[in-house]
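This report looks at aromatic pairs, a pocket and a nonpolar core. Please keep the sequence and the 3D view at hand.

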Amino acid sequence: MSGGPEGRHRWADALFGPAAPYLLHLRPVEWPIMAAHTLLGYLLAVGIAGAAAGVERGPALLGLLLWVVCLNGGTLAINSAFDHDEGDVAYLRAPPAPPRHLFGWGLGLMVLGQILAFLLPPSFRVVYAACFTMSVLYSVPPFRLKSVAGADWVINMWGFGTFTPFAGWASTGRALDLSHALVLLGFCPLFAALYPLTQIYQVEEDTRRGDRTLVIRLGIGRSLGVAIAATALAFGLFGGSLLLLDRATGLRVVALAIALVAWLGVLVPWVRRHASMSAALHQRGMYLALGAWAVTDVVVALAWGT
């Protein structure tokens, strides 16, 4: 039992005392995923060789800290402050009860990040402010767009999909060209594919709470169909970007095809079996899709950063 969620929470309690729930609701388990996707933009801007040489490393690390901990962690904290989840949520199993000042804690982190963003180039400040605004609209009543099917989807596909790697790019202060804009844009429909997959296993709890999420509106089968279509659009944009850069070599095309196969390997069996799958199996499918996302990040970094 000591290795399960309750055991990990006890370790957090022992280390951080009353502050432990505040830390846990920042969902630090998710930080490596967010950090990797943010750093992708930095790698696209300076190249893998440039990153190894330390080009713009200081601004990139500051931008990473502000984006992952202050903005993303703060967003997840204010989200938990209003959701009062009892079951598992993404990146936090058996969440502790939201502490009294969780909203203020999350919002304070986000404000701190916005202030410190003025140490970085203007484009970073602007994209941080845009996502700050979307985060508040997403989680906080009376707006609470996360409960409005479609609005929740749009906010996440832009916020995590495209704006997150763009933040890594923007931290360098470099101008964005069309071909790289296309690859960043490709992550918008790719997250449009991923986002419904994060909701499927929570349908019962969301329904009980009265939220009308995208998956509840569409149904699980249609949501998976949308995910496949959005994945196809994303890889079409990636391919278009390679053509613009004149980098559509055999090796790069094969690497991109491997990433596409990783997605289809998750989605196609899920479509076939969804009617008989338990919530736990749907949750497992979500984590497999996150693995396909990680493969895509690696492929894009290698194909565009070398």
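Buried here means under 20% relative accessible area. The model is a predicted one. By that cut-off, F160 and F191 are both buried.

**Aromatic pairs**

Rings pair when their centres lie within 6.5 Å. The count comes to 15 aromatic pairs. In one of them, the ring centres of F160 and F191 are 4.9 Å apart and the planes stand at 45°, so this pair is tilted. The pair links distant parts of the chain. F160 sits in helix α7 (residues 151-170), F191 in helix α8 (residues 178-199), and 31 residues separate them.

F191 also pairs with W293. Here the planes stand at 90°, so the geometry is edge-to-face. W293 belongs to helix α13 (residues 279-305) and F191 to α8, so the pair ties together parts that are 102 residues apart in sequence. W293 is buried, as is F191.

The table sets the two pairs side by side.

| Pair | Centre distance | Plane angle | Class |
|---|---|---|---|
| F160 and F191 | 4.9 Å | 45° | tilted |
| F191 and W293 | 5.8 Å | 90° | edge-to-face |

Which residues do ring pairs link into a cluster? The members are F160, F187, F191, Y195, F235, F238, W263, W293 and W304.

**The nonpolar core**

In soluble globular proteins, nonpolar side chains tend to be buried together. In this model, the largest nonpolar core has 76 residues. W67, F124, Y128, L197, F238, W263 and W304 have the most contacts inside it. Helix α8 gives the most to this core, with eleven residues.

Take W67 as an example. Its neighbours within four places in sequence are left aside. W67 then contacts M34, T38, N72, F124, V127, Y128, C131, G159, F163, T164 and A167. F124 and Y128 are on that contact list, and both are also among the core residues with the most contacts.

**The second largest pocket**

The second largest pocket has a volume of about 180 Å³. Its lining is made of G265, V266, P269, W270, R273, M277, L281, R284, G285 and L288. By class, six of these are nonpolar, two polar and two charged.

Which helix gives the most to this lining? Helix α12 does, with five residues. Both α12 (250-273) and α13 supply at least two residues each. Helix α13 also holds W293, the edge-to-face partner of F191.

Conventions:
Residues are numbered from 1 along each chain as its sequence is written. This is a predicted model: local features need pLDDT of at least 70, side-chain atom pairs count only at pLDDT 80 or more; totals for chains, interfaces and linings use all residues. Side-chain values use heavy atoms; hydrogens and water are left out. Rings of Phe, Tyr and Trp (its six-membered ring) pair if their centres lie within 6.5 Å; planes under 30 degrees apart count as stacked, over 60 as edge-to-face and the rest as tilted. Helices (H or I, at least four residues) and strands (E, at least two) are DSSP runs, numbered from the N terminus. Buried means under 20% relative accessible area, exposed over 50%, partly exposed in between (1.4 Å probe, protein chains only). On a 1 Å grid over the protein atoms alone, a cavity is a set of points where a 1.4 Å probe fits but cannot get out, and a pocket is an open set with protein on both sides within 12 Å along at least five of seven lines; lining residues have an atom within 4 Å of a point. Grid points are joined across faces, edges and corners, and a volume is the space filled by probe spheres set on the points. Ala, Val, Leu, Ile, Met, Phe, Trp, Tyr, Cys and Pro count as nonpolar, Asp, Glu, Lys and Arg as charged, and the others, Gly among them, as polar. A nonpolar core is a set of buried Ala, Val, Leu, Ile, Met, Phe, Trp, Tyr and Cys residues joined through side-chain atoms within 4.5 Å. Contact means heavy atoms within 4.5 Å.
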